[in-house]
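Me: I am new to this structure and would like a close look at a single part of it. Please take your time and connect that part to its surroundings.

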Amino acid sequence: MEGNVQRSLDAFLALRGPELIAVRRDLHAHAEPSYAEYRTTSLVAERLTAAGLRPKVLPRGTGLLVDVGSGETSDHPERAVVALRADLDALPMADEKDVPYRSTAPGACHACGHDVHTAVLLGTGLFLAEQAAAGLLPGPVRLIFQPAEEIGTGAQDVIAAGGMASVGRIFALHCDPRLDVGKLGIRSGAITAACDHIKVRVEGPGGHTARPHLTADVVYALGKIVTELPAALSRRVDPRSSLSLVWGRINAGSALNAIPDAGIAEGTVRCLDDEAWHAAPDLFGELVRSVASAYGVTAELTYLRNVPPTVNEATSARMFATAAEGMLGADMVVHTQQSLGGEDFAWYLDCVPGALARLGTRTPGAAVEYDLHQPSFDIDERAIGVGVRVMAATALTALWDSAASPEPPAREPLAGAADSSAP
Ligand SMILES: [Zn+2]
Ligand SMILES: [Zn+2]
């Protein structure tokens, strides 16, 4: 079966690989930031429609969902959908590369490789549509072309639009400029981190610095909060969760001999663990209240959620690895580290099991090292064909697996911390 898929993918990519590279370059040259992905959406919709598929654009006008294969040919037409996701948006920065496909959109650049993710998923969808037409797709696949990943809200739009309905598992790739092209990086458990924003505002009556006992010393209380909160985390939270708070800004007062009536501290909270992330706002609230009450000030906590950690489910991560080993060779699938970056794919994994893998985009032996979010970021375009192979094979692996087990394992609840055995 695997050999057949390999041969079909060889034939598909020999024919359409150059077209996918052209799509990536076209998207790169016409980079569109979060929620402005109109041209990108219509380009993808056009190609899918030409292949006989029926894409549905999301309510906001950017991003789309499309189902491939109904699963009618299988013995289990009710089988759970396997979802594959790409993100469409560029970053609000200038493109500093000197290449023919340099961004022509002022202040918009595909510096996170979402143009690559889009081209890969388009190619995967076109291949799977061919398989479905030939009666070779053993179940339904949903392609999710998601807007606005960079601002952390696009995944929630897809979920609100019903994109997770009937989905049993979800998979996605992200470019990794530190991994050679031809390789796939995968891990079970958390692969990206949570990053939230925290703000504490402290208030009191104000007064003379000669008589702090007659007022409430806002600056002293703020100082206590700024040092106590990060310190308390080491005793109140499992150290393995790496929940950390780092202040970036504090502000209080204007005169050296006057106790001010207000002060603020702001910072970021990062966390590697899903359970600790969910518990963080309540914990910070409790800590702020207890310090503030000891010094007679009032304190208000503003906690802004950004994204949770992306926690790869073990079975889905194994499916990714198995599929990629079959397509690329066992030595091309490597263990990857959890990064402290945020990725809104995490929101899908709050709903269903799934996994995110890293697609190598570095030319082996290249002198230039790229990083994500750099205005000079670029890839070895052979990664696009590799991505199509991996995504198509992963979807088929997941469908075959649910064909083999009468009860799809999809509905089991996600363990919060996922892989607690991970170091
Ligand atoms: Zn990014
Ligand atoms: Zn990204």
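Which residues lie nearest the centre of the largest pocket, and how many residues line it?

Reply: This is a predicted model, and what follows should be read with that in mind. The largest pocket is lined by 28 residues, and those that lie nearest its centre are Thr192, Ser339, Gly341, Gly342 and Leu372. The space in the largest pocket comes to about 640 Å³, and its lining divides into nine nonpolar, 11 polar and eight charged residues.

The zinc ion (ligand 2) is coordinated by Cys112 through SG, and by His114 and His174 through NE2, at 2.1 to 2.4 Å. Along the chain, the donors of this zinc ion (ligand 2) follow the spacing C-x1-H-x59-H. Cys112 also coordinates the zinc ion (ligand 1), and the two zinc ions are 3.2 Å apart. Cys112 counts as buried because its relative accessibility is 7%, which is under 20%, and His114 counts as buried because its relative accessibility is 0%.

The largest nonpolar core has 68 residues, of which Leu84, Leu128, Phe145 and Phe320 touch the most other members. Helix α9 (residues 382–404) gives the most to this core, with 12 residues. If the neighbours within four places in sequence are left aside, Leu128 is in contact with Val68, Leu84, Leu137, Val141, Ala392, Ala395 and Leu396. There is also a second, separate core of 50 residues, which includes Ile170, Leu229, Ala232 and Tyr303.

By class, the lining of the second largest cavity has five nonpolar, three polar and one charged residues.

Key:
Residues numbered from 1 in each chain as written. Chains lettered and ligands numbered in written order. Predicted model: local features only at pLDDT ≥ 70, side-chain atom pairs only at ≥ 80, totals over all residues. Heavy atoms only, no water. Donors = N, O, S within 2.8 Å, 3.2 Å for Na, K, Ca; no water. Buried < 20%, exposed > 50% of the residue type's maximum accessible area, 1.4 Å probe, protein only. 1 Å grid on protein atoms, 1.4 Å probe; cavity = no way out; pocket = protein on both sides within 12 Å on 5 of 7 lines; lining within 4 Å. Points joined across faces, edges and corners; volume = space filled by probe spheres on them. Nonpolar A, V, L, I, M, F, W, Y, C, P; charged D, E, K, R; others polar. Core = buried A, V, L, I, M, F, W, Y, C linked by side-chain atoms within 4.5 Å. Helix = DSSP H or I, 4+ residues; strand = E, 2+ residues; numbered from the N terminus. Contact = heavy atoms within 4.5 Å.
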